[in-house]
Amino acid sequence: MVTEKYNKLQEILVEMKTVVIAFSGGVDSTFLLKVAVDTLGRENVLAVTADSETYPFEELEEARKLAIQIGARHEVIETSELNIPGYTENTSNRCYFCKKSLFEHLVPIMHAQQYQNIAFGLIADDMGEHRPGIQAARELNVRGPLQEANLFKSEIRELSQQLGIPTWDKPSFACLSSRIAYGEEITMEKLRKIDRSEQAIRAIGIRQVRVRTHGDMARIEVEPHEMPKLMEHHQEITAKLKEFGYMYVTMDLTGYKSGSMNKVLQNV
């Protein structure tokens with residue numbers, strides 16, 4: 001089944017012929033870039049990474065290294081989500097504004113360099129979640145080849161491992177704004193506070209972490225098996241996060257859950 005989906009992905013890419021890929025360096029976009037380069041050839045694929053306030057510097061550096069390892073052409077462009085009208089208000093469709101702006105940056109690049117398509121790392125799992133960015137992709141004819149091939153995250157990880165892609169077991173990542181409760185204004189100060197807090201927690205050896213921000217409270221999500229390690233360092237972590245500006249520091253006993261901030265939308 002997985003092999004059939006991989007073959008389907010290759011067929012989709014061959015039909016696309018040339019493509020600009022929105023490349024974050026995450027599990028999905030890295031796999032898509034690798035398969036696109038292998039299938040279409042380096043000259044027919046361009047990876048573009050958007051460097052913005054919501055994208056940690058360490059992720060940008062990793063994206064650069066991955067592109068070199070894959071042998072892909074790679075460009076980094078400067079964007080600013082905080083300057084997008086409607087974004088900082090942090091409504092439930094925040095991701096629509098972000099993705100629309102990103103794709104609008106990619107369209108001129110596609111035309112200027114004579115590529116025929118734009119693609120991003122949409123996957124089958126995303127279709128059952130709150131993903132306003134999908135609407136922006138549809139409006140600008142941006143395709144999601146992984147989703148079109150019905151590939152799920154677990155299958156992408158499996159195939160990535162088979163292809164020797166180092167991101168096969170990389171923790172899931174989302175923009176820093178996704179940590180801020182809907183309705184709370186997104187500011188540079190909050191983004192930096194979240195980034196520093198998650199770096200501090202990863203520094204003690206925890207791989208998957210989210211510091212969800214609710215006003216002056218930090219709600220830390222980690223995988224259940226890593227909770228003992230977080231508790232072992234709870235005094236150190238609490239002190240650091242309070243130093244960064246939080247008044248209250250908590251651990252969510254439910255554990256890490258992708259898109260957990262969307263739970264409030266179920267009651268809206």
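The paragraphs below lead from the chain as a whole to a few of its residues.

The structure is a predicted model, in which local features need pLDDT of at least 70 and side-chain atom pairs count only at pLDDT 80 or more, while totals for chains, interfaces and linings use all residues. Residues are numbered from 1 along each chain as its sequence is written, and side-chain values use heavy atoms, with hydrogens and water left out.

The chain has 10 helices and seven strands, where helices (H or I, at least four residues) and strands (E, at least two) are DSSP runs numbered from the N terminus. Its radius of gyration is 19 Å, close to the 18 Å that the globule rule gives for 268 residues, so the chain is as compact as a globular protein of that length; this radius is taken over C-alpha atoms, and the rule is 2.2 Å times the number of residues to the power 0.38. Along the principal axes of the chain, the C-alpha trace spans about 55 × 40 × 35 Å.

Of the 268 residues in the chain, 51% are buried, a word that means under 20% relative accessible area, with exposed meaning over 50% and partly exposed in between (1.4 Å probe, protein chains only). The accessible surface of the chain comes to about 12,800 Å², and 50% of this belongs to carbon and sulfur atoms; such areas come from the Shrake-Rupley method with a 1.4 Å probe, and for residues only the protein chains shown count as cover. Among contacts (heavy atoms within 4.5 Å) between residues at least 6 apart in sequence, 73% join residues at least 24 apart.

Not counting residues up to four places away in sequence, Val 48 touches several residues, among them Val 20, Phe 23, His 74, Leu 106 and Ile 109. Val 76 is 28 residues from Val 48 in sequence, yet the two are 5.7 Å apart in space, C-alpha to C-alpha.

Further along, the loop between β4 (117-119) and α5 contains Asp 126, a residue that counts as buried at 9% relative accessibility. Its side chain reaches the backbone nitrogen of Ile 123 at 3.0 Å, and the side chain of Asp 126 also makes a polar contact of 3.2 Å with the side chain of Arg 131. A polar contact is a pair of N or O atoms within 3.5 Å; within protein, one must be able to donate a hydrogen and the other to accept it, and residues adjacent in sequence count only if both atoms are side-chain atoms. Leaving aside neighbours within four places in sequence, Asp 126 is in contact with Gly 121, Arg 131 and Ile 134.

The side chain of Arg 219 is joined to that of His 214 by a polar contact of 3.1 Å, and to that of Glu 221 by one of 2.7 Å.

Lys 17, in the loop between α1 (2-16) and β1 (19-22), has a positive phi of about 75 degrees although it is not a glycine. Asn 141, in the loop between α5 (133-139) and α6 (145-148), likewise has a positive phi, near 60 degrees, in a residue other than glycine, and Asn 141 is exposed, with a relative accessible area of 65%.
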